Amino acid sequence: QVQLVDSGGGLVQAGGSPRLSCSASGGTFSGYVMAWFRQGQGKEREFVAGISRSGGSTYYADSVKGRFTVSRDNAKKTVYLQMNSLKPEDTAVYFCAAHSTTIVYTIAPAYGYWGQGTQVTVSS
């Protein structure tokens, strides 16, 4: 069973480029598909980006494509979300998530393991 800890959020100006990290412990990290979701105030949790177990395949929501990059370092048991050209509408709590099949799902219920979330607030 894997435990996830998100970090790297905070208050950022529009156009900023923070990087979120999600560190894993327990389990075999390379055996998990990893994803990032976000949840804005009063909104449903939505898929942001996902990455295959090897890191060879990545997937993005249309709203972040071209601005965000997901990557992973299996040796460090960490997944990252590089966020560029942030907009106020990117303000949300960001969660990393994991599941142990081979498919990068884009729906939250598919993921059995979650980080605690990290708040990203983008000021205009």
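Predicted model: local features only at pLDDT ≥ 70, side-chain atom pairs only at ≥ 80, totals over all residues.
Colleague: Which residue takes a positive phi in the hairpin of strand 4 and strand 5?

Modeller: The hairpin has 6 residues between the strands. The phi in question is near 75°, and the residue is glycine 42.

Colleague: How many bridges join strand 4 to strand 9?

Modeller: These two strands run antiparallel. Alanine 35 stands opposite alanine 97 in strand 9. The number of bridges joining strand 4 to strand 9 is 7.

Colleague: How many of the 7 residues of strand 4 are buried?

Modeller: Buried means under 20% relative accessible area, exposed over 50%, and partly exposed in between, with a 1.4 Å probe and protein chains only. Strand 4 is mostly covered, and its buried residues number 6.

Colleague: Which residues have the most contacts inside the largest nonpolar core?

Modeller: A nonpolar core is a set of buried Ala, Val, Leu, Ile, Met, Phe, Trp, Tyr and Cys residues joined through side-chain atoms within 4.5 Å. The largest one has 35 residues. Elements that give two or more residues to this core include strand 4 (33-39), strand 8 (78-83) and strand 9 (92-99). The residues with the most contacts inside it are Met34, Trp36, Val79, Leu81 and Tyr94.

Colleague: Is leucine 11 buried or exposed?

Modeller: Leucine 11 is found in strand 2 (residues 10-13). Leaving aside neighbours within four places in sequence, leucine 11 is in contact (heavy atoms within 4.5 Å) with Thr121 and Ser123. Its relative accessible area is 69%, so leucine 11 is exposed.

Colleague: What is the relative accessible area of tyrosine 105?

Modeller: Tyrosine 105 lies in the loop between strand 9 and strand 10 (113-114). The residue is partly exposed, with a relative accessible area of 31%.

Technical notes: Residues numbered from 1 in each chain as written. Heavy atoms only, no water. Helix = DSSP H or I, 4+ residues; strand = E, 2+ residues; numbered from the N terminus. Pairing = 2+ DSSP bridges.
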